[in-house]
Every structure is written in C-alpha cells, then in structure tokens.
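Visitor: I would like a close look at a single part of this model. Please state the cut-offs as you go.

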Amino acid sequence: MKQGDRLMSQDPTERRRYPRFELACPVELRDSTGQVLAQTETANVSHGGFLASLPSQAGITLEDVLSIDLLVPPDAAGAGQPRPYACQGKVVRVQDLDDPEAKVVAVEFLQPLDLGLNDT
C-alpha cells in the first residue's frame with residue numbers, strides 16, 4: 001500500500017469486488033447533456049466506484065448514468081502529480097441523511113478503473 005492509502009475493513013462477508021480506500025478525491029458529476037450536477041469529494045473510492053456526500057438539491061437520483069471527472073491525489077496514486085480520470089458511472093444507492101440539506105450517493109463505474117491504489 002502506498003503512503004496515504006487507507007484500506008477500509010476487509011470483512012470476510014463483504015460482497016464488493018474491489019477493496020475500498022478512505023480517500024478524499026475531488027469529483028465532478030455531470031448529466032448526459034454535460035451540465036454539472038455536483039462538485040464534491042469522495043468519502044471512499046475503489047477501482048469499481050465511490051461514495052460521496054452531496055447537497056440534496058443536486059438532482060441526482062437512483063440509476064442515473066453520470067459523466068465523472070475524478071482526481072486521485074498524488075500521494076495516494078504514488079505519483080508526483082494528481083491523476084485525473086474521466087469516466088461514466090451509474091448511481092446504485094442514494095441515502096438521505098439526518099441533515100435535510102445532504103444525501104449520500106454510491107456510484108459504480110461502468111468500467112473498472114486502475115486508480116493506482118492497492119491493498120498490499
């Protein structure tokens with residue numbers, strides 16, 4: 001594991017295909033017309049997707065397909081510069097929070113990404 005990577009718990013009953021890392025990556029989410037719906041940071045990220053908190057009014061709903069610009073910080077990617085990724089993802093979970101101004105969304109990348117993170 002590179003310096004700065006924080007592998008989340010590897011519960012043996014975990015159903016995810018990829019390990020998750022607690023990593024704040026700047027992310028921009030756009031709809032099919034290119035309109036920016038939200039700019040935020042991930043709470044965790046994996047090669048298969050991410051979890052992020054968004055404003056409730058972001059206009060993102062379950063099963064939306066989004067265009068995503070993700071920036072992996074240089075210390076996490078083991079590179080001297082941030083690593084940008086442009087991809088598409090599908091919203092697989094939307095969860096309201098106690099705060100009526102925010103919600104959590106889980107997004108699955110349509111194609112897994114090699115983010116330069118590992119669990120060793």
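What kind of contact joins the side chains of Glu-28 and Gln-39, and what is its distance?

Guide: A polar contact of 2.5 Å joins the side chains of Glu-28 and Gln-39. A polar contact here is a pair of N or O atoms within 3.5 Å; within protein, one must be able to donate a hydrogen and the other to accept it, and residues adjacent in sequence count only if both atoms are side-chain atoms. The model is predicted, so local features need pLDDT of at least 70 and side-chain atom pairs pLDDT 80 or more, while totals for chains, interfaces and linings use all residues. Residues are numbered from 1 along each chain as its sequence is written, and side-chain values use heavy atoms, without hydrogens or water.

Start with the strand. Glu-28 sits in strand E1. Strands (E, at least two residues) and helices (H or I, at least four) are DSSP runs numbered from the N terminus. Four of the five residues of E1 are buried, so the rest of the structure largely encloses this strand. Buried means under 20% relative accessible area, exposed over 50%, and partly exposed in between (1.4 Å probe, protein chains only).

Now the partners. E1 pairs with E2 in the antiparallel sense over five bridges. Strands count as paired if DSSP finds at least two bridges between them. Gln-39 is the bridge partner of Glu-28 in E2. E1 and E2 form a hairpin with five residues between them, and Gly-34 in the turn has a positive phi of about 95°. E1 also pairs with E4, again antiparallel, over four bridges. There the bridge partner of Glu-28 is Asp-69. Leaving out residues up to four places away in sequence, Glu-28 touches Val-36, Ala-38, Gln-39, Ser-67, Ile-68 and Asp-69. Contact means heavy atoms within 4.5 Å.

Step back to the sheet. Six strands make a closed barrel, in the order E1-E2-E3-E6-E5-E4, with antiparallel pairing. On average, neighbouring strands of this sheet are turned by 40° against each other, direction ignored. The axes are lines fitted to C-alpha atoms, for helices over the stretch in contact, and angles run from 0 to 180 degrees between N-to-C directions. E2 and E3 pair antiparallel over four bridges. One of the bridges joins Ser-46 to Gly-49 in E3.

Next, the nonpolar core. The largest one has 26 residues, and Leu-29, Phe-50, Ile-60, Ile-68 and Leu-70 touch the most other members. A nonpolar core is a set of buried Ala, Val, Leu, Ile, Met, Phe, Trp, Tyr and Cys residues joined through side-chain atoms within 4.5 Å. At least two residues of this core come from each of E1 (26-30), E2 (36-46), E3 (49-55), E4 (65-72), E5 and E6 (102-109). E4 gives the most, with four residues. In soluble globular proteins, nonpolar side chains tend to be buried together.

Last, the rings. The count comes to one aromatic pair. Phe-50 and Phe-109 form this pair, which is tilted: 5.9 Å centre to centre, 50° between the planes. Rings of Phe, Tyr and Trp (its six-membered ring) pair if their centres lie within 6.5 Å; planes under 30 degrees apart count as stacked, over 60 as edge-to-face, and the rest as tilted. Phe-50 lies in E3 and Phe-109 in E6, 59 residues apart. Phe-50 is buried, at 4% relative accessible area. Phe-109 is buried too, at 4%.
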